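Hi,

Here's the structure I promised to send over. Have a look at it first, and then read on for what turned up.

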Amino acid sequence: MNRMLTLNIFRYNPLDPDSQPRMQTFTVQEYDSMTLFIALTQIRDEKDPTLKVDFCCRAGICGSCAMVINGRPGLACHTQTKDLPAEITLHPLPFFQLLGDLSVDTGSWFRKTGLQIEAWCHSDDKAFDPTADEMRMDNDLANEIFELDRCIECGCCVAACGTARMRTDFLGAVSIMRVARFYLDPRDKRSEDDYYDVIGNDQGVFGCMGLLACEDVCPKGIPLQDQLGIMRRMMAMHSVKGVLPRPLIETIKKKGCCHAHAQS
Ligand code: SF4
Ligand code: SF4
Ligand code: FES
């Protein structure tokens, strides 16, 4: 039998000097296949049109509807109410700037970090030639890159990250994964030195505490920890270049220090 759901929702308008952070309770009749997104839309349609919630695709693609659902970051459109208890508590994602109620600005953070890590192919080509043949790429490598390109920039991994909560300049697992994506791409001509400058520091791989929260909450199941581990080992090896004998470094690399397809 479908339940009566109680939703305790964080309310606050940072632009209104009279607004005070508080929790507001709504009740919604559950029905089969109801998602949290539908429950929130129903509240907005029938009870309070001022409730701020972001959404766009309703299909787990745009990343807008991320919020903290009973203490855990997740997507409202991908969460079925039948998988939750009858009492549901919703907060906005922490870390990002609050726009109001459950709405936060993830876009500015992703744009800032994307520029910081220079998240684009650094090619030698001086000009784009639309008449040139397409560059061929090994299928396995293309799939490996595609796997890392599935991120929808929802921000759940950053919101769950203890390091990001302690230091606002931390790039987060998602940025390190994006660097790994370009490191794999043979069209990106950056050297290990270039990558080291971007993530070989406490804002990057050496700030991560490796407690896995990011991967646990990623709604797309992206293997963030693998990428963090690979990039951390790669950067650590780079930092001891000239200290450890070269044959030892080569031996460690052969034992799986780097991506199978990465540039040597
Ligand atoms: S493993 Fe690293 S990046 Fe992931 S949540 Fe923990 S500290 Fe953050
Ligand atoms: S890596 Fe996963 S959790 Fe992080 S922003 Fe991308 S899709 Fe969201
Ligand atoms: S509305 Fe697009 S991911 Fe939920």
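What share of the contacts in the protein with a separation of 6 or more is made by residues 24 or more positions apart? The answer is 65%. Keep in mind as you read that this is a predicted model.

First, the overall picture. The protein has 264 residues, and 29% of them count as buried. If you draw a box around the C-alpha atoms along the principal axes, you get roughly 65 × 45 × 40 Å.

Next, have a look around ligand 2. There are 13 residues around it, and the ones that come nearest are Cys151, Cys154, Cys156, Cys157 and Cys218. By type, the shell around ligand 2 splits into ten nonpolar residues, one polar and two charged.

Cys154 sits in the loop between α3 (139–148) and α4 (156–159). Is Cys154 buried or exposed? It's buried, because 28 other C-beta atoms lie within 10 Å and the cut-off is 20 or more. Leaving out neighbours within four places in sequence, Cys154 is in contact with Gly63, Ala66, Leu75 and Pro219.

Cys218 is in a loop as well, the one between α8 (213–217) and α9 (224–239). It has 24 C-beta neighbours inside 10 Å, so Cys218 counts as buried too. Not counting residues up to four places away in sequence, Cys218 touches Cys156, Cys157 and Leu224.

Finally, the inside of the protein. The largest nonpolar core has 57 residues, and Cys157, Ala173, Ile176 and Met231 touch the most other members. Helix α6 (residues 172–184) gives the most to this core, nine residues in total. The core also takes at least three residues from each of domain 1 (4–104) and domain 2 (118–256).

Setting aside neighbours within four places in sequence, Ile176 is in contact with Leu171, Ile199, Gly204, Val205, Gln227, Leu228 and Met231.

Cheers

Note on methods:
Residues numbered from 1 in each chain as written. Chains lettered and ligands numbered in written order. Predicted model: local features only at pLDDT ≥ 70, side-chain atom pairs only at ≥ 80, totals over all residues. Near = placed C-beta within 6 Å. Nonpolar A, V, L, I, M, F, W, Y, C, P; charged D, E, K, R; others polar. Core = buried A, V, L, I, M, F, W, Y, C linked by C-beta atoms within 7 Å. Buried ≥ 20, exposed ≤ 12 C-beta atoms within 10 Å, placed from the backbone. Helix = DSSP H or I, 4+ residues; strand = E, 2+ residues; numbered from the N terminus. Domains from an automatic or database assignment. Contact = placed C-beta atoms within 7 Å.
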